[in-house]
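Here are my notes from going through this one, as numbered points. Have the structure open while you read.

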Amino acid sequence: MIHVAGAGIFGLATAWALARRGARVRVFEARHIGAGASGGHVGALAPHAPENWNPKKALQLQSLLAAPDFWAEVEDVSGLPTGYGRTGRLQPVADPAMAERMTDRIAAAARNWPQDLGMSLTDCPDAPLVPDSPTGLWLQDRMTARLNPRAALAALAAAIRTRGGEIIEDRPAPDAAPTLWATGTPGLFDLNLALERRIGQGVKGQSLLLAHAAPDAPQVFADGLHVVPHADGTTAIGSTSENSYDHDRPDHQADALLARARALCPALREAPVLEVWAGLRPRARSRAPVLAPWPGRPGHLIANGGFKIGFGMAPLIADLAAQVLLDDRQDLPDLFALP
């Protein structure tokens with residue numbers, strides 16, 4: 001029996017990777033499925049910028065390319081939608097200097113991404129949700145995808161149970177090996193204490209869900225703001241990144257986020273707000289996800305630090321974690337080492 005601590009995206013994705021290979025798996029969640037950062041709204045599976053290529057970007061690309069098959073199998077086994085779709089992305093070009101920079105970015109995408117998933121500039125985007133652009137130009141890419149976070153977690157949980165796995169909510173994991181520790185921000189705080197150094201921290205994020213239906217529209221990105229139309233007729237807006245905060249609840253910064261989104265996309269100005277979410281997203285000091293053995297605890301593996309790319313990295317992290325736990329793989333990428 002393999003234990004998984006945490007029913008967020010890393011925990012459930014790994015439990016699924018284990019269960020689909022026939023392993024006996026039991027997930028323990030101290031609160032409820034998606035109680036932490038994985039329970040938000042946004043679900044933007046966006047690639048890193050293709051210029052200045054490096055191992056981190058290459059590994060993220062590998063995971064994003066694995067996502068269609070990963071989520072299709074989850075949907076097939078669970079019978080539930082995940083909201084996955086490679087719908088692309090539009091970014092307004094703010095000024096002529098940015099347009100010049102985009103030429104290099106488009107060339108880098110042609111070098112480093114699959115040829116059919118590249119970037120281009122357009123002056124007439126064919127999309128129902130188009131952000132205002134000062135130059136009348138937009139950068140579009142065909143790599144970016146979206147996922148409905150809560151639907152994806154529900155489908156993963158159902159798939160795990162269908163394959164015989166257990167998920168126990170309202171109970172922390174016992175201290176027994178083998179265990180995958182995917183406990184998000186609380187887990188990073190535990191590691192800071194246990195290892196007597198700063199492994200990571202929680203960064204507050206806030207997002208909103210609007211009643212605006214554009215299910216096939218590309219998502220929009222500008223100045224750190226994501227506007228993500230979902231398949232269920234909602235549109236997510238996110239998110240803030242707050243290193244300093246007094247609480248983990250929604251506040252005035254969510255109002256500012258909404259104002260920015262409505263200024264960027266006039267089509268959203270009358271869309272009702274369905275929900276505002278806030279939570280602490282786990283960010284490792286290395287700024288990359290952590291997938292590494294827990295020092296001094298044989299049989300204990302850490303998967304944490306997904307921050308803004310947890311859902312995008314989940315197919316790769318889950319596959320590698322399953323290889324460690326089932327095949328005793330030792331050669332994990334250095335990028336995922338504990339900082």
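1. Start with the α1/α4 pair: α1 passes α4 in a left-handed crossing. This is a predicted model, so read what follows with that in mind. The axes of α1 (residues 9–19) and α4 (residues 149–162) come within 9 Å and cross at roughly 30°. That angle is under the 35 degrees cut-off, which makes α1 roughly parallel to α4.

2. Who makes the contact? On the α1 side we have Ile9, Leu12, Ala13, Ala15 and Trp16, and α4 brings Leu153, Leu156, Ala159 and Ile160. By class, the residues of this contact split into 9 nonpolar, no polar and no charged.

3. Leu156 deserves a click. Leaving aside residues up to four places away in sequence, Leu156 touches Ile9, Leu12, Ala13 and Trp16, plus Phe70, Trp71 and Val74.

4. Now the largest nonpolar core, with 53 residues; Ile9, Trp71, Leu156 and Leu291 have the most contacts inside it. At least two residues each come from β1 (2–5), α1, β2 (25–29), α2 (55–78), α4, β16 (300–304) and α7 (310–327). The largest share, 11 residues, is α7's. Another core lies apart from this one, with 17 residues, among them Leu208, Leu225, Ala261 and Leu264.

5. Is Leu180 buried or exposed? Leu180 sits in strand β9 (residues 179–181), and it counts as buried because its relative accessibility is 0%. Not counting residues up to four places away in sequence, its contacts include His3, Val4, Ala5, Phe10, Gly11 and Thr14, as well as Leu301, Ala303, Ala321 and Leu325.

6. Two cis peptide bonds to look at. One runs from Ala177 to Pro178, with omega near 0°; Pro178 is in the loop between β8 (166–169) and β9. The other goes from Gly238 to Ser239, with omega near -15°, and Ser239 is in the loop between β13 (235–238) and α6 (252–264).

7. Finally, positive phi outside glycine. Asn52 has phi near 50° and lies in the loop between β3 (44–45) and α2; at 66% relative accessibility, Asn52 counts as exposed. Asp223 also has phi near 50°, and its place is the loop between β11 (219–222) and β12 (225–229). Asp223 counts as exposed too, at 73% relative accessibility.

Terms used. Residues are numbered from 1 along each chain as its sequence is written. This is a predicted model: local features need pLDDT of at least 70, side-chain atom pairs count only at pLDDT 80 or more; totals for chains, interfaces and linings use all residues. Side-chain values use heavy atoms; hydrogens and water are left out. Axes are lines fitted to C-alpha atoms, for helices over the stretch in contact, and angles run from 0 to 180 degrees between N-to-C directions. Helices (H or I, at least four residues) and strands (E, at least two) are DSSP runs, numbered from the N terminus. Angles under 35 degrees count as roughly parallel, over 145 as roughly antiparallel, 65 to 115 as roughly perpendicular and the rest as oblique. A crossing is left-handed if the near helix is turned anticlockwise from the far one by less than a right angle, and right-handed if clockwise. Contact means heavy atoms within 4.5 Å. Ala, Val, Leu, Ile, Met, Phe, Trp, Tyr, Cys and Pro count as nonpolar, Asp, Glu, Lys and Arg as charged, and the others, Gly among them, as polar. A nonpolar core is a set of buried Ala, Val, Leu, Ile, Met, Phe, Trp, Tyr and Cys residues joined through side-chain atoms within 4.5 Å. Buried means under 20% relative accessible area, exposed over 50%, partly exposed in between (1.4 Å probe, protein chains only).
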